[in-house]
Amino acid sequence: VADCRGINSGSPVSWMSCSEDNGVNWRPGPHISSTADFPRVAVGLDGSVYVVTISGKLIYLNRFTSCANGLTPEVGFPVPVATLNDIVKCPVPGLDRCNDGNTLSSPTVAPDPKDANHLFVAFAENDMPGSEPGSERIVVIESRDRGVTFPRRTTISGPTSARRFMPWACSTNGDAWVGWYDRRAALTGASNDLTDYFIGSAKSTSGASPR
């Protein structure tokens, strides 16, 4: 068993593999990145494999062919898809592991299950650059060309300034749906644990719909 206690030191390298027989056998896959970290994977309607990673304040997207077609890197990728104002900063109340083996900015990629050209990337970013720590917003960016460009950007977390972190995205019916941890209750002296879980959507035609 590998010892992962030192994974935060040195330069960890991310790799990928895939299976075409329900996990019985695995094909060695490609090296994802030598500079970016914390990969999150999703598969598009056409079998394309998308991997989103983060390096400092830059979010990158990789695209690979399907497992059946060799899981090989697509030409022109990875591409930088967003630059954060700043990452989600520590400390965050209630967390004993803050950006230690993880990233609370948590970029995820969500392909549209009905349209192979359509996908979203969601992330959290500090909306008060230079503060230690500040407050965050949850952002969704949208691509209509299989991840080559992301011209549309939507903030779905609402105007209230609060600590927000670890968003996770999926897509259905052409829209992005994102859940995240949200501490806006801490601003009003609520009597619960002061951290809630919110869901918001970025609609591909009608803008944001926070919940």
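1. In what pairing are the bonded cysteines of the protein chain joined, when numbered in sequence order? The pairing is 1-2, 3-4, and the structure holds 2 disulfides, a disulfide being a pair of cysteine sulfur atoms within 2.5 Å.

2. The structure is a predicted model, in which local features need pLDDT of at least 70 and side-chain atom pairs count only at pLDDT 80 or more, while totals for chains, interfaces and linings use all residues. Residues are numbered from 1 along each chain as its sequence is written, and side-chain values use heavy atoms, with hydrogens and water left out.

3. The link of Cys18 and Cys67 is right-handed, with 85 degrees about the S-S bond. Cys18 belongs to strand 1 (residues 14-18) and Cys67 to the loop between strand 5 (58-64) and strand 6 (79-83), so the pair ties together parts that are 49 residues apart in sequence. Strands, like helices, are DSSP runs numbered from the N terminus (strands: E, at least two residues; helices: H or I, at least four).

4. Buried means under 20% relative accessible area, exposed means over 50%, and partly exposed lies in between (1.4 Å probe, protein chains only).

5. The other disulfide is formed by Cys90 and Cys98, whose sulfur atoms are 2.1 Å apart. With -95 degrees about the S-S bond, the link of Cys90 and Cys98 is left-handed. Cys90 is partly exposed, with a relative accessible area of 30%, whereas Cys98 is buried, at 17%. As for Cys170, this residue is partly exposed, at 44%.

6. An open sheet of 4 strands has the order 7-8-9-10, with antiparallel pairing; two strands pair if DSSP finds at least two bridges between them. Strand 7 (108-111) and strand 10 (152-155) stand at the edges with a single partner strand each, so one side of each is left without a neighbour in the sheet. On average, neighbouring strands of this sheet are turned by 25 degrees against each other, direction ignored; axes are lines fitted to C-alpha atoms (for helices over the stretch in contact), and angles run from 0 to 180 degrees between N-to-C directions.

7. Within this order, strand 8 (residues 119-126) and strand 9 (residues 136-143) pair in the antiparallel sense over 8 bridges. Leu119 stands opposite Ser143 in strand 9.

8. Strand 3 (residues 37-43) and strand 4 (residues 49-55) are paired in the antiparallel sense over 5 bridges. Val41 stands opposite Val51 in strand 4. The hairpin of strand 3 and strand 4 has 5 residues between the strands, and Gly47 in this hairpin takes a positive phi near 90 degrees.

9. Which residues form a nonpolar patch on the surface? Met166, Trp168, Tyr181, Tyr197 and Ile199 do, with about 510 Å² of accessible area together. Patches are made of residues with over 30% relative accessible area and no salt bridge, like charges being joined within 9 Å and nonpolar side chains (Val, Leu, Ile, Met, Phe, Trp, Tyr) within 5 Å. A salt bridge is a side-chain nitrogen of Lys or Arg within 4 Å of a carboxyl oxygen of Asp or Glu. Accessible areas come from the Shrake-Rupley method with a 1.4 Å probe; for residues, only the protein chains shown count as cover.

10. Strand 11 (164-172) and strand 13 (196-203) each supply at least two residues of the nonpolar patch. Tyr181 is placed in strand 12 (residues 175-182) and counts as partly exposed at 36% relative accessibility.
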